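Please read the points below with the sequence and the model open beside you. They follow a few places one after another.

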Amino acid sequence: MTALLELRDVGFAYPAVASRRARPFALAGLSFSVAHGEIVGVIGPNSAGKTTLIRLVTRVVAPAAGDIALDGRPLRRWDPAALARRIAVVPQGVPPQFPFTVEELVLMGRYPHGPGRYFESATDVAAARAAMAATGVLELAALQLESLSGGERQRAVVARALAQEPRLLILDEPTAHLDLRYQAESAALLKRLNREQGLTILLVSHDLNLASEVCDRLLLMAEGRLVAVGAPDAVLEESALGAVFGCEVTVEKSPTTRRPVVQLTWRV
Amino acid sequence: MTPARRLWLVLGLLATALVVVAAGALFLGSAALSPRAVLSAVTGRAAAESVESVVTLSIRLPRIAVAALAGGALAVAGVAFQALTRNPLAEPSVLGISGGAAFGVVMGQSVGLGLTALEAVGLTAFAFAGALLAAGAVYLIAAAGRGLQIQTLLLAGVIVGIFFSAAITVVISLLDFNRLGGVIHWLLGNLAPVPAGSLGIFAVLAAAGFGLVVTYARELNLLALGEEPAQQLGVNAERLKLAIFGGAALLTASVVAFAGPIGFVGLIVPHALRMLLGPDNRLLVPASAVGGAVFLLVADTVARNIIAPAELSVGVITSFCGAPFFIYLLRTRYRVNL
């Protein structure tokens with residue numbers, strides 16, 4: 001069976017002017033694949049290339065070298081709407097001054113299913129309601145997004161992505177602005193979507209412990225390269241993490257799930 | 001209620017209001033005509049050369065048409081610029097784009113273009129070029145910072161507007177002094193009857209601009225998510241920006257060419273409708289077309305009658321309404337510290 005997503009020797013560099021960095025940033029020699037139904041985590045320090053990876057996979061930018069294939073077909077040959085019916089992205093947070101209601105936001109996720117339509121069809125409305133039900137925001141449908149708590153907002157944004165009925169869900173730092181309770185809720189929600197709907201998930205996160213708990217496999221990136229790939233047990237390893245992040249960490253086993261738990265060794 | 005039914009209901013109500021206001025405008029004016037005289041002119045019972053026929057059919061009716069077209073076009077341009085820049089205070093005159101178009105028109109007039117049908121096309125082309133020039137300048141100034149911040153964009157618009165009004169002054173100073181009065185009257189936003197052929201061209205240009213904007217109304221909603229998320233939903237962001245930008249510039253340019261740079265319509269009308277209808281551009285764009293027509297027609301009728309037999313420019317009325325409204329929006333809705 002072909003992998004859902006496959007990257008072969010992908011390279012990319014931002015133009016020197018646009019990147020505004022002291023050192024030019026580049027991705028190089030990136031190869032990995034994501035199988036159907038897998039939850040894969042992408043971890044690594046700031047400017048490891050995680051966000052660029054999302055932009056490459058969603059064709060916001062094109063690779064300078066190598067190939068990206070979705071369902072065995074080169075990404076560049078996908079129609080934009082067809083691509084958006086396969087891959088949905090949950091971005092970091094919501095833009096400021098977003099005046100729409102939860103339902104209006106979730107209905108935006110239906111755009112790739114009928115880009116020529118002026119108003120959404122009855123099918124679109126049903127799909128949006130199903131997506132809101134799946135993330136538990138159906139009762140918030142008529143509320144403005146700006147009036148919700150951080151956790152509710154996050155679930156509304158995930159519902160918008162689910163309304164696309166994608167095969168692959170990509171999340172960019174899903175727990176970045178959430179407190180502990182909402183972090184736990186998000187992790188449980190992702191597990192449930194994967195189990196119940198067979199959704200393949202690519203989770204990009206700074207949160208090593210979230211990735212450890214949720215993911216089947218982890219990709220550890222640093223400075224635009226893939227440093228390690230494998231099960232959380234294999235990748236979340238003290239010396240490798242210490243080298244990549246440039247600090248001392250301890251890795252223990254969670255007493256409840258037996259997954260690795262990473263802790264920073266404070267030297268204050 | 002489904003959104004489609006809601007749209008038709010809103011359009012029905014606004015269209016009714018437009019008919020009522022247009023009828024009122026037909027009966028009101030500095031020439032003291034009785035309602036009966038107006039009616040006889042409209043129904044064709046009065047002689048073609050009679051005072052009532054000339055005033056009603058050749059002066060008031062074309063002016064009503066110009067006001068309705070200009071108001072609708074400016075309001076739609078306002079919605080388009082607000083969605084495109086994701087800036088609730090964006091508007092053709094605030095962004096300096098009317099100023100650029102006005103400079104284009106003055107340049108066109110300086111080479112002798114007037115408002116006959118063919119010349120009107122040329123004049124609009126000059127206005128369109130001026131609008132593009134101004135928009136390009138605003139974009140370059142504002143994009144030099146990171147992102148298009150609300151304050152930066154507004155400041156850039158104001159600066160470009162000032163620059164173009166200075167440029168207009170230079171051109172006018174070089175012109176024949178006798179024509180100065182007419183140009184100044186036009187610069188204040190002056191609705192005057194336009195010959196039928198030119199009116200047709202105005203209508204076609206405004207319809208084209210409206211068509212471009214309304215075609216992309218759903219995509220404009222998605223743009224509120226940000227450009228990259230919209231792309232990830234399958235929107236061709238470059239094509240969208242080009243179409244909206246072109247459509248809004250065309251709407252602004254045609255209004256400036258045929259009626260002068262009338263300010264704030266694109267701010268007042270979309271915001272008033274947004275308070276009633278919510279943020280959905282699929283409702284706002286068509287509703288603004290009709291709502292803008294109603295608003296400018298009311299403003300022009302006031303301008304024609306308030307100091308009769310003399311006349312105010314309609315731009316004066318819209319600015320008197322628009323400036324306080326702008327401050328109100330800044331202070332309450334967007335909490336920008338002045």
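1. Axes here are lines fitted to C-alpha atoms, for helices over the stretch in contact, and angles run from 0 to 180 degrees between N-to-C directions. Helices (H or I, at least four residues) and strands (E, at least two) are DSSP runs, numbered from the N terminus. This is a predicted model, in which local features need pLDDT of at least 70 and side-chain atom pairs count only at pLDDT 80 or more, while totals for chains, interfaces and linings use all residues. Residues are numbered from 1 along each chain as its sequence is written, and side-chain values use heavy atoms, leaving out hydrogens and water.

2. In chain B, the axes of helix α1 (residues 3-27) and helix α3 (residues 51-85) come within 9 Å and cross at roughly 145°. The contact (heavy atoms within 4.5 Å) is made by B:Ala22, B:Ala25, B:Leu26 and B:Phe27 of α1(B) and by B:Thr56, B:Arg60, B:Leu61 and B:Ile64 of α3(B).

3. B:Arg218 lies in helix α9 (residues 217-223) of chain B, and this residue counts as buried because its relative accessibility is 4%, where buried means under 20% relative accessible area, exposed over 50% and partly exposed in between (1.4 Å probe, protein chains only). Leaving aside neighbours within four places in sequence, B:Arg218 is in contact with residues including A:Leu107, A:Tyr111, A:Glu120 and B:Arg282.

4. A:Val249 is found in strand β11 (residues 249-253) of chain A, and is buried, with a relative accessible area of 12%. A:Val249 and A:Glu237 are twelve residues apart in sequence and 9.0 Å apart in space, C-alpha to C-alpha.

How values were computed: Chains lettered and ligands numbered in written order.
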